[in-house]
Amino acid sequence: MSPTDRPDWYERGLPHIWLPYTQMLVTPPPLAAERTDGCTITLADGRILTDGIASWWTACHGYNHPAIAHAVQAQLARMPHVMFGGMVHEPALRLAASLADLLPGDLERVFFTDSGSVAVEVAIKIATQYWLNRGVQGRTRLLAFRGGYHGDTLATMAICDPEEGMHALFTGVLPQHIIADLPRDDGSTRALDALLHAQGQDIAAIVVEPLVQGAGGMLFHDPATLRRLRELADRHGVLLILDEIFTGFGRTGTMFACEQAGIVPDIVTLSKALTGGTMALSATVATRRVFEAFLSDDPMHALMHGPTFMANPLACAAANASIALFGQEDRLAQVAAIEAQMRAELETCRGLPGVRDVRVMGAIGVVELDHIADMPRLKAALVDGGVWVRPFRTIVYLTPAFTITAAQLSHLTRTIRTVLAAGPY
């Protein structure tokens with residue numbers, strides 16, 4: 001977009017914005033989005049991009065779905081917000097009951113927050129206080145995994161892969177937790193078992209992204225890995241937290257990734273697609289056993305946490321409408337069709353120079369490269385091809401809306417192949 005094409009609001013506001021994950025001294029100016037529709041984003045200069053990543057994996061029903069829009073508009077007219085301290089309201093209680101019905105086992109107590117990072121923070125807080133409330137001292141550390149990502153707040157940075165680079169600057173500032181290899185086979189399972197045997201009395205919980213480590217590089221593992229983690233957590237008496245912020249609500253092919261392993265975590269975190277990409281909302285859901293540790297005559301045993309906009313009625317109304325759409329429009333069947341199409345079409349990238357791997361799970365498609373030396377040029381080439389795809393690290397990936405058409409998905413996969421064939425980058 002040339003300076004003469006830029007709208008007034010862009011020119012006036014851009015000098016005052018601090019963008020995420022961006023070295024603004026050297027990064028090209030951001031695109032100006034003007035409106036969305038279904039699986040497309042229209043820019044201020046008139047270009048229309050097919051969206052391949054659903055706004056950081058959130059817009060699972062596509063943009064502007066009328067059922068969600070109607071629910072938000074109706075709630076806005078009735079009650080946009082009310083504090084959740086000492087009061088409750090219908091959208092939140094309906095949503096909590098729906099989540100308890102959808103989730104496996106007795107995951108039944110829902111604590112609402114407004115971002116994925118905070119949902120994980122609350123999970124960490126619950127897991128640590130669970131032991132304190134039971135009179136157990138010293139269980140203050142967490143066990144997380146290489147390749148993992150759980151957020152950008154201070155507590156969540158401390159359980160991300162310390163080598164991934166995003167948070168390396170804060171080494172020495174963050175709490176020191178335990179980062180291990182996932183138990184993918186017998187050898188790594190024995191190693192993790194030995195680690196838990198040696199240090200289990202210091203560990204409050206194991207934290208893992210089930211089936212897919214998202215921002216760590218879209219790294220896949222199989223359901224057996226999750227079953228091993230559940231077995232090890234039970235054997236050594238530690239809690240198991242599943243971070244389903246990325247994987248929850250159909251992204252891996254089932255409503256929740258843990259269903260594929262047939263396990264129930266002690267705590268699960270949800271966000272991203274919870275509201276269909278419409279409003280900020282997240283949830284930390286605990287089992288009955290975990291919740292009961294907070295029931296006491298001692299006020300200090302209560303969970304002392306309460307975001308100002310906790311359980312915002314507008315966001316809860318959007319989430320209720322979003323969850324209803326999974327049954328009304330058979331989203332999981334759409335995910336299966338997306339998976340089959342991406343497997344066939346992205347596979348054509350495997351023979352391209354510099355391509356290390358191609359992998360697909362549910363509505364997640366990944367082309368991994370040996371390296372990306374010129375990320376701005378690669379991103380610009382994709383936009384020039386009419387698609388909105390945001391490579392990171394060494395991967396070009398797709399996480400489209402579940403409502404994407406076959407033609408739109410082919411536009412994405414074809415453009416990725418064409419652009420990568422014109423490399424290297």
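**Reading strands, sites and a pocket in a predicted model**

Modeller: In strand E7, Leu142 has Ala205 as its bridge partner. This is a predicted model, in which local features need pLDDT of at least 70 and side-chain atom pairs count only at pLDDT 80 or more, while totals for chains, interfaces and linings use all residues. Residues are numbered from 1 along each chain as its sequence is written, and side-chain values use heavy atoms, with hydrogens and water left out.

Colleague: Is strand E7 buried or exposed?

Modeller: A residue is buried under 20% relative accessible area, exposed over 50% and partly exposed in between (1.4 Å probe, protein chains only). Six of the six residues of E7 (residues 203-208) are buried, so this strand is largely enclosed by the rest of the structure.

Colleague: What is the order of the open sheet of four strands, and which strands stand at the edges?

Modeller: The order is E1-E2-E3-E15, with mixed pairing. Strand E1 (33-37) and strand E15 (387-388) are the edges, and each has a single partner strand, so one side of each is left without a neighbour in the sheet. E1 pairs with strand E2 (residues 40-43) in the antiparallel sense over four bridges, Arg35 standing opposite Thr42 in E2; the hairpin of E1 and E2 has two residues between the strands, and there Gly38 takes a positive phi near 60°. Strand E3 (residues 48-51) and E15 pair in the parallel sense over two bridges, and Asp51 has Trp388 in E15 as its bridge partner.

Colleague: Which residues does the UniProt annotation "binding site" cover?

Modeller: UniProt positions are given in the numbering used here, with shortened feature names, and annotations may be inferred rather than shown by experiment. The unreviewed entry lists Gly116, Ser117, Asp243, Pro307 and Thr308 as "binding site". They are spread over 193 residues of sequence and also in space, up to 23.0 Å between C-alpha atoms. Ser117 is placed in helix H5 (residues 116-133) and counts as buried because its relative accessibility is 17%. Contact means heavy atoms within 4.5 Å; leaving aside neighbours within four places in sequence, Ser117 is in contact with His150, Gly151, Asp152, Thr153 and Thr156. Pro307 lies in the loop between helix H9 (288-292) and helix H10 (313-328), and it is buried at 18% relative accessibility.

Colleague: Which residues are the closest to the centre of the second largest pocket?

Modeller: On a 1 Å grid over the protein atoms alone, a pocket is an open set of points where a 1.4 Å probe fits, with protein on both sides within 12 Å along at least five of seven lines, and lining residues have an atom within 4 Å of a point. Of the 18 residues that line the second largest pocket, Arg109, Val110, Phe111, Phe291 and Leu303 are the closest to its centre. Strand E4 (107-113) gives the most to this lining, with five residues.

Methods. Two strands pair if DSSP finds at least two bridges between them.
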